[in-house]
Amino acid sequence: MTESGGKPATPWHLWVVGVIAVIWNSGGAVDYTMTQMRNESYMSAFTPEQLDYFYAFPAWADAVWALGVWGAFIGSLLLLLRSRHAVVAFGISLVGLLGSTIYQMTVDMPVSLITPGIWIFTAAIWLSVILLIWYARMMTNKGVLR
């Protein structure tokens with residue numbers, strides 16, 4: 001199917017994937033923002049040891065975290081806007097995620113943060129970014145994202 005002008009019609013699954021991606025990645029954006037702002041209400045869920053860990057991130061770790069979070073969130077919005085630039089945004093997110101994961105694996109984390117759940121969640125983030133890059137590239141190749 002095509003829209004008027006011969007452009008490919010927007011498939012229904014783009015809206016489903018896009019909305020789920022925005023919701024999923026908005027969680028990361030909220031977490032990043034609340035941590036950076038040191039929001040007392042939000043951060044009260046963490047132990048003093050965990051807070052010391054979060055607040056001691058070096059600037060480069062904060063920067064790659066920001067790239068990962070905001071790249072994914074903006075990529076999700078661009079997907080909904082049918083922009084081919086979603087691929088680039090998700091690629092930036094992947095670079096940020098790589099940097100964040102390297103930091104997470106090489107720093108002394110509090111024992112309370114070294115749990116199977118943390119690593120499963122990290123794997124879920126990796127999987128989501130990789131799948132979103134694949135999906136955005138597929139939609140670009142089909143001419144759905146312009």
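Helix α5 gives the most to the lining of the largest pocket, with seven residues, where helices are DSSP runs of H or I of at least four residues, numbered from the N terminus. The model is predicted, so that local features need pLDDT of at least 70 and side-chain atom pairs count only at pLDDT 80 or more, while totals for chains, interfaces and linings use all residues. Residues are numbered from 1 along each chain as its sequence is written, and side-chain values use heavy atoms, with hydrogens and water left out.

The largest pocket holds about 930 Å³ of space, a volume being the space filled by probe spheres set on the grid points. A pocket is an open set of points, on a 1 Å grid over the protein atoms alone, where a 1.4 Å probe fits, with protein on both sides within 12 Å along at least five of seven lines, and lining residues have an atom within 4 Å of a point. Of the 32 lining residues, D31, W65, F121, T122 and I125 are the closest to the centre of this pocket.

The second largest pocket, with about 160 Å³ of space, has a lining to which α1 gives the most, with six residues, and to which α1 and α6 each supply at least two.

The axes of α5 (residues 85–106) and α6 (residues 116–141) come within 9 Å and cross at roughly 160 degrees, the axes being lines fitted to C-alpha atoms over the stretch in contact and the angles running from 0 to 180 degrees between N-to-C directions. That makes α5 roughly antiparallel to α6, a term for angles over 145 degrees.

Conventions:
Angles under 35 degrees count as roughly parallel, over 145 as roughly antiparallel, 65 to 115 as roughly perpendicular and the rest as oblique.
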